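Biologist: Could you take a close look at the salt bridges for me, and at what sits around them? Keep it chatty, but give me the cut-offs.

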Amino acid sequence: MKSRIISGLVLLCIIVCTVIVYRLIFDETTTLFYVNVIVACVAEAILVINIPMLSSKQLLTFKNAASSTVLDIFAIVLFLWTSICSLFVEDESDYRILYIGLLVVTIIFIILFGSVEMGGNFMQKEEKIQQQVAQEKKVFSNFLSMYRMEVCNILAMANSETTDEISRMLDIVLEKAAMIPSEKLEHNGNVTASIHDKLCKIKTLLEELQEEDVQETLRIQIIHELKSFNNYVTMIKSTL
């Protein structure tokens with residue numbers, strides 16, 4: 001709020017000074033005088049309003065920076081065209097050239113500003129999507145890391161020779177799952193849930209390995225589940 005008040009006061013002072021300067025330049029308050037004062041004030045207003053946007057870290061996005069640049073260039077071109085053209089204005093026909101130039105410059109920069117705004121909106125939307133995908137990938141990677149730690153503890157407690165082969169296969173399939181591209185997870189929301197369910201099923205079987213009388217049966221079942229999971233991951237990476 002304080003910065004807005006300061007900006008408003010600064011702009012008011014600039015406008016007053018501008019009117020005084022042009023009043024000293026022009027002998028009479030003709031139409032040309034009013035055109036120059038209005039254009040100069042508009043240009044100054046655009047430049048002053050853009051200062052807080054470019055100096056704020058929160059507001060300084062690519063879209064805002066590009067839009068501000070277009071507006072600043074528009075203000076400068078508008079001022080230069082009016083000032084230079086005014087030097088050659090002698091009769092009513094010259095006013096027509098001045099007005100046409102102002103209109104053409106305004107139309108061109110409206111088109112440029114609209115293009116920048118639409119492009120900026122698209123880029124912001126894509127950036128949000130990429131951030132969401134990266135966050136989902138991070139969550140997925142953290143889940144795999146925690147899962148690896150948990151099953152390692154389970155296999156260590158089982159303390160059986162049959163766990164060596166299972167441990168090697170498990171490392172391979174988890175590494176393979178961790179390498180699933182982010183876009184694969186993004187395009188199919190059920191993939192992560194399905195992987196979670198399959199790994200939880202394998203973990204449940206591993207917890208039963210501590211019972212010696214069922215180790216061989218479980219070993220065969222776990223290896224089957226790991227192979228099935230490996231095939232599932234391969235299918236995800238190659239088809240989705």
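Modeller: There are four salt bridges in the structure, a salt bridge being a side-chain nitrogen of Lys or Arg within 4 Å of a carboxyl oxygen of Asp or Glu. Bear in mind that this is a predicted model, where local features need pLDDT of at least 70 and side-chain atom pairs count only at pLDDT 80 or more, while totals for chains, interfaces and linings use all residues. Numbering runs from 1 along each chain as its sequence is written, and side-chain values use heavy atoms, with hydrogens and water left out.

Let's start with Arg-148. Its bridge to Asp-171 has the closest N and O atoms 3.0 Å apart. That pair links distant parts of the chain, with Arg-148 in helix H4 and Asp-171 in helix H5, 23 residues apart; helices here are DSSP runs (H or I, at least four residues), numbered from the N terminus. Arg-148 also meets Glu-175 in a salt bridge, at 3.3 Å from N to O. Again the link is between distant parts of the chain: Glu-175 is in helix H5, 27 residues from Arg-148 in helix H4. Put together, Arg-148, Asp-171 and Glu-175 are linked in a network of salt bridges.

How open is that network? Arg-148 has a relative accessible area of 24%, so it is partly exposed, where buried means under 20%, exposed over 50% and partly exposed in between (1.4 Å probe, protein chains only). Asp-171 is partly exposed too, at 31%, and so is Glu-175, at 44%.

Next up is Lys-203, whose side chain meets that of Glu-150 in a salt bridge at 2.6 Å, N to O. Because Lys-203 lies in helix H7 and Glu-150 in helix H4, the pair ties together parts that are 53 residues apart in sequence. Glu-150 is partly exposed, with a relative accessible area of 32%.

Now for the nonpolar side of the story. A nonpolar core is a set of buried Ala, Val, Leu, Ile, Met, Phe, Trp, Tyr and Cys residues joined through side-chain atoms within 4.5 Å. The largest one has 29 residues, and Leu-170, Ile-195, Leu-206 and Ile-222 touch the most other members. H4, helix H5 (163-178), helix H7 (190-207) and helix H8 (215-239) each supply at least two residues of this core, with H8 giving the most, eight residues. Take Leu-206: leaving aside its neighbours within four places in sequence, Leu-206 is in contact (heavy atoms within 4.5 Å) with Val-151, Ile-154, Leu-155, Ile-166, Leu-170 and Ile-222.

Helix H4 (residues 92-158) also holds Phe-143 and Tyr-147, four residues apart, about one turn of the helix. Rings of Phe, Tyr and Trp (its six-membered ring) pair if their centres lie within 6.5 Å, and planes under 30 degrees apart count as stacked, over 60 as edge-to-face and the rest as tilted. By this rule there are six aromatic pairs. One of them is Phe-33 with Tyr-34, an edge-to-face pair at 5.2 Å centre to centre and 70° between the planes. For Phe-143 and Tyr-147, the ring centres are 6.1 Å apart and the planes at 40°, so the pair is tilted. Phe-143 counts as partly exposed at 23% relative accessibility, whereas Tyr-147 counts as buried at 2%.
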